[in-house]
Every structure is written in C-alpha cells, then in structure tokens.
Amino acid sequence: MSDQHYDTLVLGSGPAGEGAAMKLAKGGQRVAMIERLSEVGGGCTHWGTIPSKALRHNVRRLMEYNSSALFREAGEPRHVSFQTMLRHARSVIDQQVGLRSGFYLRNNVPVLTGEGRFEDEHTLALTGADGRTERLTARHFLIATGSRPYRPADVDFTHPRICDSDQILSLEHTPRSLIIYGAGVIGSEYASIFRGLGVKVDLINTRERMLAFLDDEISDAISYHLREHGVVIRHREQYQSIEADDDGVTLYLQSGKRVRGDLLLWANGRSGNTDGMGLEHIGIQPNGRGQVEVNDDFQTAQPSIYAIGDVVGYPSLASAAYDQGRYAATHMLEGHCEYRLAHDVPTGIYTIPEISSVGRTEGELTDAQIPYEIGHAFFKDLARAQISGQTVGMLKLLFHADTLELLGIHCFGDQAAEIVHIGQAIMAQPAPNNTLRYFMNTTFNYPTMAEGYRVAALNGYNRVA
C-alpha cells in the first residue's frame with residue numbers, strides 16, 4: 001500500500017478534528033491530520049476560546065484586585081495594558097500547543113502542514129507552504145476546518161481602526177473607547193473584557209434583546225450588569241456604513257444615530273472555513289455562510305466524507321465539537337454508533353460574571369404548556385460568595401410542578417460554567433432519579449457555591465409543597 005494512502009484524513013486540528021483523530025488512531029486506523037497552520041490546535045487554541053478566556057481571566061483578576069477593600073488599603077488601583085494582558089494569555093496558548101502536539105506524537109498520527117483541495121471523494125491534493133502539491137488518498141475524510149469571523153464586503157478590515165475578533169488579539173494598544181457591533185456571545189464577552197480594563201464601550205445589538213436564546217431572566221441580568229458597569233447597549237440597530245480615519249471610527253446606524261470611537265470590533269456572525277476546498281466539484285454545496293449540511297451521523301452528501309464542528313453550524317461550541325469528533329470516528333470504525341450525543345448541551349458564556357445554562361428556558365416551557373416551578377439561590381445569600389466577594393448572580397432551577405423533574409438549569413455569576421455541571425448530571429438521569437429531591441436530601445460541603453443547589457431546591461419546593 002502506498003505511503004500516501006490512509007484510512008482517514010482529518011482536515012483541521014481544533015477540538016473536533018483532534019477528538020476524531022485520537023479516537024480513530026486508538027481504534028487501529030492509519031490516520032493523518034491536515035493542518036494549514038504550523039502549529040496544531042486550530043482557531044480554538046490560537047484565536048478563539050483559549051486566548052479570549054485566558055484574557056478574560058486576567059482581566060477579572062485585575063477587577064477583583066481593584067474592587068477589593070482589603071487591597072485598597074495596600075495601595076492605589078492598578079492599571080494594566082491590553083498588550084500586557086495578551087502577553088500572559090499567549091503563554092497559555094504555548095502550553096496548549098505543546099500538550100496537543102504530544103497527543104499526535106504518542107498516537108502515531110502524522111501532522112501534514114498545508115491546504116487541501118478535493119479532487120474526488122477519495123483523493124485530496126495537499127499544497128504546502130513551499131507551493132509543492134502531493135496527492136493523498138483515503139477511505140474516509142473528516143472536515144473539521146472550523147470557522148472565522150464573518151466579514152461583509154463593505155467593511156474595510158484592512159484599516160487599523162476596524163478589526164474582527166481574530167484581529168483584536170493582535171492589538172498593540174489599549175483604546176480609550178470601543179464600538180462593538182454585535183451583542184452575541186463574542187461581542188458580550190469582549191464588552192466585559194474591555195470595560196474591565198476601563199475602556200468606554202458601546203455595544204450595538206441587532207436584536208430585540210441580548211443573547212435572546214438564554215432564559216429571559218438571565219438575559220435581563222447580563223444586560224443590567226453590563227449597563228451598571230458603564231457599557232452603553234443599543235438594541236434593534238443595524239449599521240448603514242462605517243467610516244474610519246486617522247483619529248477614530250464612526251459607525252452610522254440605519255436609525256440615524258452616529259457612534260464615534262477609537263476602534264470598532266466587528267462581532268456579528270461567523271463563516272465556515274470551506275473556501276478553496278473544491279467541495280462543490282464533488283457534490284457538497286456549502287451554504288452562504290460556508291457551512292456544510294450533514295445527516296445525523298455527520299455524513300455529507302458524500303457518505304465517505306464527514307463534517308463536524310463549527311463548519312456544520314449549531315451549536316458551534318468547542319465542547320460539542322470534540323464530542324462530535326468522537327461520534328463521527330465511532331461511526332467510521334463500526335458503521336454505526338450505539339450511543340447518541342447528549343441532547344442538552346451546556347452553554348458557557350464567559351462574560352464577567354459568566355453565564356451557563358442547560359435544558360429548557362421558561363419561555364420554552366410556557367410555549368410547550370408544561371407546568372413548571374422555579375427555585376432560586378441568589379449568590380449574595382451564599383457564605384462562599386460573601387467570602388470571595390463574588391455576590392453578583394444566581395442559580396435558577398426549573399422543574400416540573402408535579403413530578404419535581406429538573407427541566408432547566410440557569411446560572412449567572414462567578415464559576416457559573418462549573419456550577420451548571422452538577423445539575424446537568426442529575427438532569428441526565430433516567431426517571432425517577434432526575435428529581436429536585438436529590439438536592440434537598442444531599443449534604444453539600446459548606447461553604448461552597450454548590451450549596452446553591454440545596455438553597456434553590458428548597459426555595460422551589462416551598463412553592464409546591
């Protein structure tokens with residue numbers, strides 16, 4: 001057999017591709033990873049999840065220091081530049097690259113650097129940085145090329161005062177004021193980060209409310225909290241044009257408003273990385289945002305070619321992408337998959353404070369005519385939150401009024417993305433083990449944030465008892 005033939009070629013070394021490649025290698029397949037960058041990890045490691053969350057963590061620590069009565073006695077509030085924060089965030093990227101490079105080495109998965117273009121459903125032309133092209137064949141292909149910020153044609157991203165969420169990680173100064181167009185997950189996270197650095201922020205939301213897919217109470221909470229910290233939020237606005245000059249940038253809105261700032265961050269949507277791959281020539285037609293349609297087993301219109309992660313769209317989460325990779329790999333190895341991916345995927349939004357939820361919202365339960373009740377635990381009432389000074393936020397449990405079955409868990413506040421997993425584990429249990437009573441009858445360490453589950457459960461149960 002030729003050295004250029006593989007059982008499976010994986011395109012893209014982000015969480016989706018890595019999860020698949022490792023599963024396939026451990027299943028005995030001859031696998032190779034195709035990566036256009038010189039280092040593994042994909043957009044998640046180099047531009048997305050890792051750098052932005054590391055940046056956010058450092059900014060949150062600075063905010064805690066400056067707001068602490070204890071440290072105020074030690075001296076004046078500290079100011080740290082955006083560049084300094086980025087430098088420390090990059091150290092995490094280096095650690096991640098080293099860790100993930102080791103995965104491929106230990107599992108004998110070669111990483112081939114270059115860009116691939118399909119010649120047919122079993123042949124890929126790989127062009128390296130030196131311009132040389134080699135042809136690789138495989139029984140299966142897996143497209144995990146991720147996504148990039150959407151760039152409308154009438155916005156000049158070459159101007160130094162206009163950037164997207166990738167470019168902002170190369171920013172060499174701290175702006176005095178920032179306009180963020182798009183109040184989705186990325187826009188909301190960067191609004192928190194820059195406001196934490198003392199930057200004046202205008203957040204432009206194209207919709208009726210912020211993060212409308214969240215439970216209304218949580219959406220209202222983050223809107224209130226951002227405004228309380230000085231972020232100006234403008235709802236139901238659409239841009240008309242953007243003009244940048246040497247001194248700043250002006251955003252002209254269709255409503256007639258004009259917003260002026262030092263820098264504009266475009267954070268309105270993402271596009272799948274399918275350009276130049278030749279998919280159209282083998283019967284796979286990406287949509288207008290570069291995303292590929294797949295079936296329940298992540299197969300494209302060509303059954304030998306799978307697609308996973310951001311390139312297939314929802315839910316566009318690194319956590320879900322890794323699981324999709326393992327699922328697709330299992331399907332390749334066995335021809336079927338006995339387990340199904342979790343229906344309820346937790347959402348983690350790393351604003352300051354952070355947000356996490358799993359399950360259904362109040363609106364969804366109301367529309368479905370399901371009788372439910374609510375249990376709250378407000379962080380200001382938890383001893384651990386009072387000790388840490390993180391008293392903003394709450395844990396909210398939605399449960400069936402008759403059976404006490406957990407239907408949704410929503411958390412806003414410090415460590416929300418960690419706290420939600422306790423409820424997720426109980427909610428995933430088959431009946432009758434998915435019950436509010438678990439939290440009422442279980443002893444939690446004290447003081448902890450997890451204790452909020454007992455508080456919320458008792459609060460909710462008192463409404464129906």
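Colleague: Which residues of α3 and α6 meet, and what makes them count as a contact?

Modeller: On the α3 side S52, K53, L55, R56, V59 and M63 take part, and they meet E189, Y190, I193 and G196 of α6; contact here means heavy atoms within 4.5 Å. By class, this contact has 5 nonpolar, 2 polar and 3 charged residues, where Ala, Val, Leu, Ile, Met, Phe, Trp, Tyr, Cys and Pro count as nonpolar, Asp, Glu, Lys and Arg as charged, and the others, Gly among them, as polar. The model is predicted, so local features need pLDDT of at least 70 and side-chain atom pairs count only at pLDDT 80 or more, while totals for chains, interfaces and linings use all residues. Residues are numbered from 1 along each chain as its sequence is written, and side-chain values use heavy atoms, with hydrogens and water left out.

Colleague: Why are α3 and α6 called oblique to each other?

Modeller: Helix α3 (residues 49-67) and helix α6 (residues 185-196) pack at an angle of about 40°, with their axes 9 Å apart. Angles under 35 degrees count as roughly parallel, over 145 as roughly antiparallel, 65 to 115 as roughly perpendicular and the rest as oblique, and α3 and α6 are therefore oblique. The axes are lines fitted to C-alpha atoms, for helices over the stretch in contact, and the angles run from 0 to 180 degrees between N-to-C directions. The helices themselves are DSSP runs (H or I, at least four residues), as strands are (E, at least two), numbered from the N terminus.

Colleague: What is the place of S192, and is S192 buried or exposed?

Modeller: S192 is placed in helix α6, and its relative accessibility of 3% makes it buried, because buried means under 20% relative accessible area, exposed over 50% and partly exposed in between (1.4 Å probe, protein chains only). Leaving aside residues up to four places away in sequence, S192 touches L226, T351 and I352.

Colleague: How do you know whether T443 is buried or exposed?

Modeller: The relative accessibility of T443 is 77%, and T443 therefore counts as exposed. This residue lies in the loop between α12 (437-440) and α13 (452-464).

Colleague: What makes E217 and K396 a salt bridge?

Modeller: Their side chains meet at 2.7 Å, N to O, and a salt bridge is a side-chain nitrogen of Lys or Arg within 4 Å of a carboxyl oxygen of Asp or Glu. The pair links distant parts of the chain, with E217 in helix α7 (residues 216-228) and K396 in strand β21 (residues 393-400), 179 residues apart. E217 is partly exposed at 28% relative accessibility, whereas K396, with a relative accessible area of 0%, is buried. Salt bridges that share partners join D215, E217, E362 and K396 into one network.

Colleague: How many salt bridges does a search of the whole structure find?

Modeller: The search finds 21 salt bridges. One of the pairs is K380 with D381, whose side chains meet at 3.3 Å, N to O, and K380 is called partly exposed because its relative accessibility is 48%.

Colleague: How do α1 and α8 pack, and which residues meet there?

Modeller: Helix α1 (residues 15-26) packs with helix α8 (residues 318-334) at an angle of about 35°, and their axes are 7 Å apart. From α1, P15, A16, E18, G19, A20, K23 and L24 meet A318, A321, Y322, G325, R326, A329, T330, M332 and L333 of α8, a contact with 10 nonpolar, 3 polar and 3 charged residues.
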